[in-house]
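Please read them with the model open.

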Amino acid sequence: MAKTALITGVTGQDGSYLSEFLLDKGYEVHGIIRRSSVDYRERIAHLEGTPHFHLHYADMSDSMSLVKLVGKVQPDEIYNLAAQSHVQVSFDSPEFTADVDAVGVLRVLEAVRTNHLEKTCRIYQASTSELYGKVEEVPQSETTPFHPYSPYAVAKLYGYWIIKEYREAYNMFCCSGILFNHESERRGETFVTRKITLAAARIAQGKQDCLYLGNLDSLRDWGYAKDYVECMWLILQHETPEDFVIATGVQHTVREFATLAFRHAGIELRWEGEGVEERGIVVESQKSNVKSGDVVVRVSPDFYRPTDVVNLLGDPSKARRELGWNPQKTSFEELVELMVKHDMQKVRNQHVNLAEYLEKGIVK
Ligand code: NAP
Ligand code: F7E
């Protein structure tokens with residue numbers, strides 16, 4: 001019998017890759033979507049209409065919708081990926097973030113119990129390296145103490161503990177994957193990596209003059225999202241319900257990411273100045289519209305956070321040992337290259353489309 005999975009957050013970066021992964025494994029995949037006035041299904045558009053992929057309206061802030069849906073789908077596995085996932089936005093919308101990212105987890109657990117599925121349904125919770133926040137040791141492992149440092153991280157800490165509580169109180173198979181930053185060509189455009197790769201592509205093609213960033217010294221352990229969704233599945237196939245750190249074990253600064261991304265876009269950068277005065281200056285360019293001496297990266301305090309997490313580095317030993325997962329499947333260099341390649345093409349196509357529209361007189 002094919003297994004049935006329910007994915008919350010199916011329209012997100014991870015939800016889209018996980019859907020593809022589970023469909024390939026022969027699962028019946030159900031996903032939760034929200035009503036929106038604009039189209040937000042870009043990442044899963046290619047899956048809609050395929051026989052084993054089903055979408056349902058529900059919301060993490062609406063217990064009744066979750067209870068009804070879990071009862072209807074009767075999932076063997078739930079992947080709880082839905083969240084207000086932007087750390088900076090959590091400072092502007094802390095209450096919404098807590099409702100969805102903290103209480104939302106409780107609602108999923110209770111929906112399973114209400115439908116008497118606690119003995120059969122396994123639950124994956126999308127926990128995060130942000131739990132380590134103002135880090136108490138480097139690298140961070142499953143035993144490192146947490147020190148959340150944003151409203152997002154505090155909400156996710158509730159999610160982590162309520163999963164652990166239900167595991168012990170009700171003997172449920174529910175686990176947290178403590179995932180470090182993972183990126184891709186489907187990453188939201190306001191996260192720093194995608195913001196950089198899109199801007200590098202636009203600047204290289206003469207469609208943007210300058211990229212404004214916040215803290216360039218921040219260190220992250222960046223992996224490839226496509227590799228990380230496999231781990232979510234492996235965690236639920238493990239014999240016992242346990243929590244796992246998922247990371248590459250390699251860290252880089254935002255500045256290093258930007259240097260490499262611009263290099264792949266054909267622009268060599270050097271850095272000058274400090275703090276808000278720091279600038280990324282073109283040393284050499286293969287692009288006719290960008291010349292040596294141009295300032296293409298500047299710092300804007302608008303992107304500073306009230307409290308920032310600055311030194312994340314994961315220790316994936318347990319996942320490697322117990323799940324047989326390879327943390328270095330896609331290297332940092334390959335990740336940056338594939339993202340820039342994708343965005344160079346995307347920006348190029350936008351130009352083609354605009355030219356077509358202009359030709360047809362659709363836009364003036
Ligand atoms: P994402 O691209 O921002 O996707 C978030 C998903 O949650 C979207 O499908 C979104 O739906 C959905 N959602 C938000 N609020 C909802 C609500 N009230 N009801 C139902 N759905 C709602 O995030 P991601 O990068 O794929 O990350 C997936 C999960 O892993 C998140 O929980 C995130 O916090 C966590 N995480 C991510 C990383 C990372 O580096 N990517 C690392 C650690 C943990 P809409 O499309 O309708 O907005
Ligand atoms: O920031 C710095 C910023 O927004 C990374 C989410 O998926 O991963 C993600 O959270 C770093 C921070 O990701 C800009 O201050 C500099 O130090 O790409 P980010 P994040 O905050 O690490 C974790 C694991 C999650 O769980 C989250 O859901 O980059 N930074 N300049 C900037 N960040 C942004 N967004 N924009 C800038 O201009």
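1. Which polar backbone atom is 3.0 Å from an oxygen atom of ligand 1? The atom belongs to glycine 12. Keep in mind throughout that this is a predicted model.

2. In arginine 34, an N or O atom of the side chain is 2.7 Å from an oxygen atom of the ligand. In tyrosine 152, a polar side-chain atom lies 2.6 Å from an oxygen atom of ligand 1. Taken alone, ligand 1 exposes 900 Å². The protein buries 89% of that area.

3. The shell around ligand 1 holds 25 residues. Those that come nearest are Thr11, Arg34, Leu81, Ser85 and Tyr152. By class, the shell has 11 nonpolar, 9 polar and 5 charged residues.

4. Which elements each supply at least two residues of that shell? They are α1 (13-24), β5 (122-128) and α5 (151-170). The strand β5 gives the most, with 3 residues.

5. Now ligand 2. Which side chains hold an N or O atom at 2.7 Å, 2.8 Å and 3.0 Å from an oxygen atom of this ligand? Tyrosine 152 is at 2.7 Å. Asparagine 181 is at 2.8 Å. Arginine 187 is at 3.0 Å. Taken alone, ligand 2 exposes 700 Å², and the protein buries 96% of that.

6. There are 24 residues around ligand 2. Ser85, Thr128, Tyr152, Ser218 and Arg305 come nearest.

7. The shell around ligand 2 contains 9 nonpolar, 9 polar and 6 charged residues. Helix α6 (192-204) and strand β8 (211-213) each supply at least two of its residues.

8. Helix α6 also packs against helix α8 (residues 254-264). Their axes are 9 Å apart, at an angle of about 30°. Because that angle is under 35 degrees, α6 counts as roughly parallel to α8. The crossing is right-handed.

9. Is α2 roughly parallel or oblique to α4? The axes of helix α2 (residues 63-73) and helix α4 (residues 94-114) come within 9 Å and cross at roughly 45°. That makes α2 oblique to α4. Their crossing is right-handed.

10. Two backbone features deserve a check. Most residues other than glycine have a negative phi, and most peptide bonds are trans. Glutamine 74 has a positive phi, near 50°. This glutamine lies in the loop between α2 and β4 (77-80).

11. Where is the proline of the cis bond? The bond in question runs from valine 138 to proline 139, with omega near 0°. Proline 139 lies in the loop between β5 and α5.

Technical notes: Residues numbered from 1 in each chain as written. Chains lettered and ligands numbered in written order. Predicted model: local features only at pLDDT ≥ 70, side-chain atom pairs only at ≥ 80, totals over all residues. Heavy atoms only, no water. Near = heavy atom within 4 Å. Polar contact = N/O pair within 3.5 Å; in protein donor to acceptor, adjacent residues only side chain to side chain. Areas by Shrake-Rupley, 256 points an atom, 1.4 Å probe, with all protein chains shown as cover. Helix = DSSP H or I, 4+ residues; strand = E, 2+ residues; numbered from the N terminus. Nonpolar A, V, L, I, M, F, W, Y, C, P; charged D, E, K, R; others polar. Axes fitted to C-alpha atoms, helices over the stretch in contact; angles between N-to-C directions. Parallel < 35°, antiparallel > 145°, perpendicular 65-115°, else oblique. Left-handed = near helix turned anticlockwise from the far one by under 90°.
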